[in-house]
Amino acid sequence: MSARWHTHDYRSPNLEGIVDGAVFMHRDMAELLDGKGAVQHDLTRGPDGLVSLLKEGGPEDTVYAGSGPYAFLYHLWRERTGASYRIVREVHTSLWSGYWAQEELCRPLVRDSDLVLFPTEFTRQLYVQAFDSVREENSAVVYPLLHRLPRRRPVPTPPCTSPVRIGYLGALSEAKNFDQVVSIFVQVYRLSDGSARLVFAGKPNTDRFAHGHVLDSLRRRGVDARHVVSPGVLAPGELGRFFRSIDVLLFPSTASRETLGRVVVEALAHGVPVLAADIGPGVELLPAANLIPTALDTVTEFSMGRVLPLGRVDEEGAVDRLLRRSYAPARLANTAPYGTDALWQALEGRAPDVQAPGDRRVVDALRVRSRPAGHPGLDPERAERLFLDYFQRHDDAILRAIADFETRTGRTHPRLREIVVRSERNLADYRAFPRLLDALLLEPLSFRLADVDKESS
């Protein structure tokens, strides 16, 4: 019998305005699987939405359990019914409580035939190190997006005597070190006697980084307003115009949830070189000449419930490379994980074996605070009940749990109540349910980055 593929439909017209790499990925996956005739299930109905799979599914059936951290449900229902289908799950975001909780809940239910997909080798190694259920042989790097992108020739590097157009695309946030983009540009602008341009686009996550505030700040620092362009939040169809307007992209992000930096691959596909932090995903996507030395933050106690920068890039080094044009032209060396062939191989049970060396600095420095043995939140059935209460609108049960949480902790949590009372609930809003899971069952773990040199001395 030929292979049959299954997935759940999480798309929602009410989220069409969201510009988010994870949402783009989920929608891309839906279209690819639709094109292969995948059976769509309504996961929000619980086991009743998977009757045919649970009763009739066999080894020839493969479930793609991506699209948010819900894979534990497929694992739980398979175990409960004695079904034999295979599960391919994904971890789209690295040090985020949502996917970390997914792996904690899946851990006792994973079978040898299952596979877990990651966007980069860096992210894969984080989870291989942390979970005995994620191993070299049952995990792979697969993130199909090149089918959506052009393959432009590398743009010419402007001579040092000509202006350089520096670009930034992504969230305007502290976690992505956007403030360093602004600082680096100001230094290049001054040292080149105004022979530099900045084009930045994205959604600000704080008033400090609102487009108007950034422009005012640059003007106060002596930058001619004509040398700065801020087109706001870009739709996918506007990427080409953005990349044609710049010579080099700055990606200094050290965000704790950074797993790929989709914009890095997009820039390279458009022929634009990228300068990035020398930790995290950039290490396997870019040549050494394009990596900016980065100091890890070994002081902060991080939480998987909040995204923060893991370090800071060397601004002087970035400025020097931009002034001297000391970086390599655009080239995506390892394209295999980002094509559709890798996905079909994974779904057919042939895990792609092309792996690029990933960043080890963060992996080796990571110290995650352990959850107590026997923690009640690690029971997948409790997480299942919360999921069904939320999506089947058993609001009284959730509100009682929130009240118990507030009584126990002594603090109110209005955002949780807002999640419950708002009308729209769908799988595409992949942050809502994990927030309930965080507060009511599996609180986000804390972690730090050790100073490995000091530990070894």
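Searching the whole structure, a predicted model, turns up 17 aromatic pairs; here a pair means Phe, Tyr or Trp rings (the six-membered ring for Trp) with centres within 6.5 Å, called stacked if the planes are under 30 degrees apart, edge-to-face if over 60 and tilted for the rest. Local features need pLDDT of at least 70 and side-chain atom pairs count only at pLDDT 80 or more, while totals for chains, interfaces and linings use all residues. Residue numbers run from 1 along each chain as its sequence is written, and side-chain values use heavy atoms, leaving out hydrogens and water.

Take Tyr70 and Phe387: the ring centres sit 5.8 Å apart with the planes at 65 degrees, so this pair is edge-to-face. Tyr70 belongs to the loop between strand S3 (61-65) and helix H3 (71-81), and Phe387 to helix H14 (residues 380-391), so the pair ties together parts that are 317 residues apart in sequence. (Helices, H or I with at least four residues, and strands, E with at least two, are DSSP runs numbered from the N terminus.) Tyr70 and Phe387 are both buried, meaning under 20% relative accessible area, with exposed being over 50% and partly exposed in between (1.4 Å probe, protein chains only). Another edge-to-face pair joins Phe178 and Phe209, at 5.4 Å centre to centre and 90 degrees between the planes. With Phe178 in helix H6 (residues 178-191) and Phe209 in the loop between strand S8 (196-201) and helix H7 (211-220), this pair ties together parts that are 31 residues apart in sequence. Phe178 and Phe209 are buried too.

Ring pairs also build a cluster out of Tyr70, Phe387, Tyr390, Phe391 and Phe433.

On to helix packing. The axes of H3 and helix H4 (residues 97-106) come within 8 Å and cross at roughly 10 degrees, with axes being lines fitted to C-alpha atoms, for helices over the stretch in contact, and angles running from 0 to 180 degrees between N-to-C directions. H3 and H4 are therefore roughly parallel (under 35 degrees; over 145 is roughly antiparallel, 65 to 115 roughly perpendicular and the rest oblique). Ala71, Phe72 and His75 of H3 meet Gln102, Leu105 and Cys106 of H4 in this contact, defined by heavy atoms within 4.5 Å.

Asp193, in the loop between H6 and S8, has phi near 55 degrees, a positive value in a residue other than glycine. Asp193 counts as exposed at 74% relative accessibility. Arg325 also has a positive phi, near 55 degrees, but counts as buried at 11% relative accessibility.
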